[in-house]
Amino acid sequence: MRFRGNAHFASAVGAVLGLLCAVEAAKVNKHKPWIETTYHGIVTENDDKVLLDPPLIALDKDAPLRYAGEICGFRIHGQNVPFEAVVLDKSTGEGVIRAKDKPDCELQKEHTFTIQAYDCGEGPDGANMKKSHKATVHIQVNDINEYSPVFKEKSYKATVIEGKKYDSILKVEAVDADCSFQFSQICNYEIVTPDVPFTVDKDGFIKNTEKLSYGKERMYKLTVTAYDCGKNRASEDVLVKISIKPTCKPSWQGFNKRIEYEPGTGSLALFPSMHLETCDEPITSIRADIELETNHIGKGCDRDTYSEKSLHKLCGASSGTVELLPPPSSSANWTVGLPTDNGHDSDQVFEFNGTQAIKVPEGLVSTSLKEPFTLSVWMRHGPGAHEKETILCNSDKTEMNRHHYSLYVHNCKLILLLRQDPSEAENYKPAEFHWKLDQACDKEWHHYVLNVEFPAVSLFVDGTTFEPFLVTEDYPLHSSKIESQLTIGACWQGGNARMAQFFRGNLAGLMIRSGKLENKKVIDCLYTCKEGLDVQLPEEVASAVKVEFNPNQSSMTVEGDDIDAFDKVMQHISYLNSRQFPTPGIRHLRISTTVKCFNGESCVTVPDAEGYVMVLQPEEPKISLSGIDHFARSAAEFESPEGVTLFPELRIVSTITREVEADTESEAAEGADDDPTVQETVVSEEIMHNLDTCEVTVAGDELDGEHEGLELDMSQLQQHGLEMSSSNLGLVVTGVNTMANYEQVLHLIRYKNWHTEALFDRKFKLVCSELNGRYISNDFKVEVNVIHTANPVEHANNAMVQPNFINPVHHASVDLSGHNLVNAHQASVVPSAATVVIVVCVSFLVFMIILGVFRIRAAHQRTMTDQESGKENEMDWDDSALTITVNPMETYEDQHSSEEEEEEEEESEDGEEEDDITSAESESSEEEEGAEPEDQQAASRQQQLEWDDSTLTY
């Protein structure tokens, strides 16, 4: 029983122990692995190894049990985590984290994810595996300096103003693609170009180290590089261009100071490339005053320099004008003593210095003050003294000092005095008309026109009407039989017999004419300049700019607010001179500019721009007169009512000479002797222009009005709008007209002489001119011989015979074919002085020819003697280049006297032809002689030295 009890106890204990073992076996993997809560790791890009802090180690309290105490792996949680965890030792739980691929810092600098460790469970199958808690892992990717700096721009540009030091001109900037601060930052910039006055700091700011000069260098080109903090240099350097701009000064740019104007070319743009530099100031308005200075040219500007009388006609004024200050001439000599400008290029003006005056001849002015009349004058007058200065005065010639009418200046006032003649009513009437004018004392030329229609007087100054500010009245003059004296430049005091109230200034074109000059166009024409400023406004800017001119267009004003439109208008301003032969010389230009800004004040000061227009010398015309300059007529023709025509075949031609470029190809074709260096040739070209004067004067004794004179058909003269004045010195045809019309009129001039018994010849001279003597023709001289006969009645029938003793200028011979004498045996011809001279010259010529013949024969005889002595080759007379033509004179004495005269002219021509033997003729003579046998040489030369009359013309 005890044994059985013990057995039962033992089984019970075993059962309990088995149960306990089973329970213990069930609790083998009872602990979770343990890891740190946070890890920080570093990995270098392009490497996969991660350095963790702390190291990756998992602990398990089940150790050292197999499986349960071992770490089988690590699990990473997160999306697209480029890392993996690997267990290095299961028993120790050591592991590492590594990159799946080489990390790129530039893509992602940091990575964050979670990680868990797990054990091996309870057996090899990993049953009952336990996981640790999740730990956070932070991994930073370390950068390597794999990229170089790159500049943001391909090039940099900047503009600086000279003479200034800048703190910064421009900034260059480079970037680096590396992700780290160390390698992605630019630590330094450097200018590679040596020896330039610039520097760059670490931030890329470039500045100049010295003041720059536009004259020294207009642009600098710099090469700049950059370094990152890892000392990597930029993969490509950058170019920096720094332009130097002149110091900005508001001014007109693109303005040529000298502008050349060639006559006859129309309008010339003065400022084609000009623009206004305002230095970027905010401009609201611009005003420019352009002034063309022409005061030194003629009477204030370039005008036609015809006489004032001719100008009145050209402008359409009616006839009846009397010129009181004409150019000095044989028919108008009262202005000879006055000083003038002596310049034919411009208008002729007269100077009065306060001591000079002239008296106008009696009868020249017949204008009645009771009828309307006009006074006109050009005047330049300064402030002067406080005394009356008389321009024109009509006063008592003797006994008293009464002024009938006068025009004078007093204290910058122009005053016209008109004292009426005695009348029935002794009432006060207007006597003095006063105009206060700045023009009367500004030292500039002005044109004055006074229309007088008593009691009203109107004044035009440069075409502008002025009303008198004061009119005083006086009684008419008392009746008197004293004659009056008209003077210019002072007033004649008849009671004291002296001049008084002298004028100081310049006068020109003083005219008085009957009738009023009411046409405003005529008045404007008289003073309008032939030169001035002009502008053709472009359509796109016409409304944006305002343009105004002064009356004679010597100055203009341009106003606008758009600087671009303003520049376009300035570029279209031009100079124009419409004269065919303008006055050469300088015309100064000045541009005065005012610029205003938004505040309404002048914020920019623009200096005046100055230059000048150089009017070049026009090609001067050469006026040539030609025709028959020597002829003879019978005495009956001189005494006939028609007289003798002096210029029957007159020709007036005007030419200019100019240089033109030569045609080199045609020159080369002409021959190798031409000089190839000659590039220009002179040619003459015929032109057409007007004439204003032709004067015929007699040479020798003056014309005796009792028995001779020059006549011209007045109806033909008036038909061509010309006038004539005559005196005992000749006649003068005046008026502006064409050369063709002057030819027609001059063909009509006839010379008549009613007492030709003692007259053998008469000589005349013709001279024509243009522009008041600026261009003068040659002196065309004509000699007229008088043929006297014993039977004037029979010789009178020869009036229709061809002209006798015709001698055209263009021919050297004398034509006597038309000189037929009736009954030569009975008629006695009285030889003239010219005939005697001709006979003497012919006799002398005959003597010289005979002397030459004897000298040639003597030389020939010496040559023949030398040939006989055997020296033919050394001492031969070589006459191959000589041809001598001798006119036999044996029958000369039998020739008629008229034939002697003809023969003299023809022999002179033959002599000239003999001198002109060409080299080609000489060479041909040598060839012919070389072909002859030696025995014929002597005979041949003998023939050459004999009398050769084959070329003589009778």
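Biologist: Why is tyrosine 775 called buried?

Modeller: Its relative accessible area is 3%. Buried means under 20% relative accessible area, exposed means over 50%, and partly exposed lies in between, with a 1.4 Å probe and protein chains only. Tyrosine 775 at 3% is therefore buried. Keep in mind that this is a predicted model, in which local features need pLDDT of at least 70 and side-chain atom pairs count only at pLDDT 80 or more, while totals for chains, interfaces and linings use all residues. Residues are numbered from 1 along each chain as its sequence is written, and side-chain values use heavy atoms, with hydrogens and water left out.

Biologist: What makes the pair of phenylalanine 581 and tyrosine 775 edge-to-face?

Modeller: Two values decide it: the ring centres are 5.1 Å apart and the planes stand at 70°. Rings of Phe, Tyr and Trp (its six-membered ring) pair if their centres lie within 6.5 Å; planes under 30 degrees apart count as stacked, over 60 as edge-to-face and the rest as tilted. So 5.1 Å makes them a pair and 70° makes the pair edge-to-face. By this rule the protein has 12 aromatic pairs, and Phe638, Tyr751 and Phe764 form one aromatic cluster.

Biologist: Which residues does serine 769 touch?

Modeller: Leaving out residues up to four places away in sequence, serine 769 touches Leu691, Asp692, Thr693, Tyr775 and Ile776. A contact means heavy atoms within 4.5 Å. Serine 769 lies in strand E55 (residues 761–770), and its 10% relative accessible area makes it buried.

Biologist: Is the peptide bond from aspartate 53 to proline 54 cis or trans, and what is its omega?

Modeller: That bond is cis, with omega near -5°. Proline 54 lies in the loop between strand E2 (50–53) and E3.

Biologist: Why do E3 and E5 count as edge strands?

Modeller: The open sheet has 3 strands in the order E3-E6-E5, with antiparallel pairing. Strand E3 (56–57) and strand E5 (83–89) each have a single partner strand, so one side of each is left without a neighbour in the sheet.

Biologist: How do you know that E3 pairs with E6?

Modeller: They are joined by 2 bridges and run antiparallel. Two strands pair if DSSP finds at least two bridges between them, so E3 and E6 meet the rule. Leucine 56 has glycine 95 in E6 as its bridge partner.

Biologist: What makes strand E26 mostly covered?

Modeller: Of the 8 residues in E26 (residues 373–380), 7 are buried. E26 pairs antiparallel with strand E38 (residues 504–514) over 7 bridges, and with strand E31 (residues 445–453) over 8 bridges, again antiparallel. Threonine 374 has arginine 513 as its partner in E38 and asparagine 451 as its partner in E31.

Biologist: Which residues touch the most other members of the largest nonpolar core?

Modeller: In this core of 44 residues, they are Phe647, Ile652 and Leu766. A nonpolar core is a set of buried Ala, Val, Leu, Ile, Met, Phe, Trp, Tyr and Cys residues joined through side-chain atoms within 4.5 Å. A second, separate core has 38 residues, including Tyr405, Leu418, Trp435 and Ile512. Across the protein, 41% of the 954 residues count as buried.

Notes
Helices (H or I, at least four residues) and strands (E, at least two) are DSSP runs, numbered from the N terminus.
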